[in-house]
Amino acid sequence: MISLKKVAAVTLAASVMLSMAACGKKKEGSHSGKKIDSNMPWYEVTSYDIDIGIVPDKEIENAYTEKCGLDDDYIILKTQGNYKRPDDFDETKDNYNDYQLSTLSIVDRKAKKTLKTADLTTLFGTTDFVENISYSDGKIYLNITGYDPETYEATRKKVTMDVKTLEILDSAVLEASNASLIGSYKIGNHTVESFAEWGENATQVYLNVTSPDGETKKIDFSDVSSKIDYIQNII
C-alpha cells in the first residue's frame, strides 16, 4: 500500500522546488557552465513527425499542445485552442463552438511519427471540455466536464480509451464538485489527482489517491491553505 504521507511530502517538496526555480532571480556573472555540443557522449536529438490533427483549410487563432504521458511505445499529446472565425461571423446566429480546437494525438515512438489523431469535439461534443488526460498501461484516461447549454448544469465523467484503437472502453460519472482538476499522475500502480477550489478567503488544495482496487483516499492541505494555493506538478 502506498504511503499517503510520502505522496504528500513529495508533492509539497516538488511544489516548493518548482516555485523556487520559477521565482529565482538571475544574477549577472553568477552562473557557470559549458555549451552543449553535438559531440558530447550524452547529447542526443530525436526528431518526430507529429500530426496534431488540425483541419488544413482552417486558420488557427491560438493553440497549445501538451504532453499527457508516454512509455516505451507511445507519446500522448493533447492540443486545445480555437480556429479563427471568418470576417462575416454573426454572433447572433453562428456558434463559437464550431471553431473550437481540441485534439488527441498518439505518437509511435519506434516509427517516430503520429499513429492516430482524434477530434475530441467530435467524440464528446462541443459542450464537453477535456480538463485533463493521463496515460498508463495502454490506456488513456480523460477527465471531462460537460455543460448543459440550457440549464448550465455541469457534470463530470472519466472516460477510458484504448491507446491503439481509441475505442472507448469505459465511461464513469464522477462526483459533482466545484473544485478544478489541476493534474493527474500515475505513480507506480496508483493514480494521484490534484485539485484546487478557489474561495473568497482561501484556496483549498487536495489530492485524491486511487489504488488499483479502486479505493480513493483524500489528502487535504486545508491546514496550510494560506501557504499552498496550487500544485504545479508532482515528481
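Leucine 142 touches Leu120, Phe124, Val130, Asn132, Ile133, Lys157, Lys158, Val159 and Met161, leaving out residues up to four places away in sequence. Contact here means heavy atoms within 4.5 Å.

This is a predicted model: local features need pLDDT of at least 70, side-chain atom pairs count only at pLDDT 80 or more, and totals for chains, interfaces and linings use all residues. Residues are numbered from 1 along each chain as its sequence is written, and side-chain values use heavy atoms, with hydrogens and water left out.

**Confidence**

The score pLDDT is the predictor's confidence in each residue, from 0 to 100. The chain averages 79. A score of at least 70 is reached by 81% of the residues. Over residues 4-22, pLDDT stays under 50. For that stretch the model has 22 contacts beyond four places in sequence.

**The chain as a whole**

The chain holds two helices and 12 strands. Both are DSSP runs, numbered from the N terminus: helices are H or I with at least four residues, strands are E with at least two. Along the sequence the pattern reads α-β-β-β-β-α-β-β-β-β-β-β-β-β.

Of the 235 residues, 34% count as buried. Buried means under 20% relative accessible area, exposed means over 50%, and partly exposed lies in between (1.4 Å probe, protein chains only). The chain exposes about 15500 Å². Carbon and sulfur atoms supply 48% of that area. Accessible areas come from the Shrake-Rupley method with a 1.4 Å probe; for residues, only the protein chains shown count as cover.

Now take contacts between residues at least 6 apart in sequence. Of these, 41% join residues at least 24 apart.

**Two cores**

A nonpolar core is a set of buried Ala, Val, Leu, Ile, Met, Phe, Trp, Tyr and Cys residues joined through side-chain atoms within 4.5 Å. The largest one has 18 residues. Leu142 is among those with the most contacts inside it, along with Ile76, Leu104, Ile106, Ile133, Ile140 and Met161. The elements that give two or more residues to this core are strand 2 (74-83), strand 3 (100-108), helix 2 (120-124), strand 5, strand 6 (139-147) and strand 7 (154-162).

Glutamate 66 is in strand 1 (residues 60-70). It counts as partly exposed because its relative accessibility is 28%. Beyond four places in sequence, glutamate 66 contacts Ile76, Leu77 and Lys78. Isoleucine 133 is 67 residues away along the chain, yet the C-alpha atoms of glutamate 66 and isoleucine 133 are 9.8 Å apart.

Serine 134 sits in strand 5 (residues 128-136). Its relative accessible area is 9%, so serine 134 is buried.

**Aromatic rings**

The structure holds three aromatic pairs. Rings of Phe, Tyr and Trp (its six-membered ring) pair if their centres lie within 6.5 Å; planes under 30 degrees apart count as stacked, over 60 as edge-to-face and the rest as tilted. Two of the pairs are set out here.

| Pair | Centre to centre | Angle between planes | Type |
|---|---|---|---|
| Phe89 and Tyr96 | 5.0 Å | 55 degrees | tilted |
| Phe195 and Tyr206 | 5.2 Å | 15 degrees | stacked |

Phenylalanine 195 lies in strand 10 (residues 190-198) and tyrosine 206 in strand 11 (residues 203-210), so this pair ties together parts 11 residues apart in sequence. Both residues are buried.

Phenylalanine 89 is buried, at 13% relative accessibility, whereas tyrosine 96 is partly exposed, at 38%. Ring pairs link Phe89, Tyr96 and Tyr99 into a cluster.

Charges also meet rings. A charge sits over a ring if NZ of Lys or CZ of Arg is within 6 Å of the ring centre and within 35 degrees of the ring normal. The charged end of arginine 85 sits over the ring of phenylalanine 89, 5.2 Å from its centre. Lysine 218 has its charged end over the ring of tyrosine 206, 4.2 Å from the centre.

**Positive phi**

Most residues other than glycine have a negative phi. Lysine 112 has a positive phi, near 60 degrees. Lysine 112 is in the loop between strand 3 and strand 4 (113-119). Leucine 166 also has a positive phi, of about 60 degrees. Its place is the loop between strand 7 and strand 8 (168-174). Lysine 112 is partly exposed, at 36% relative accessibility, whereas leucine 166 is buried, at 11%.
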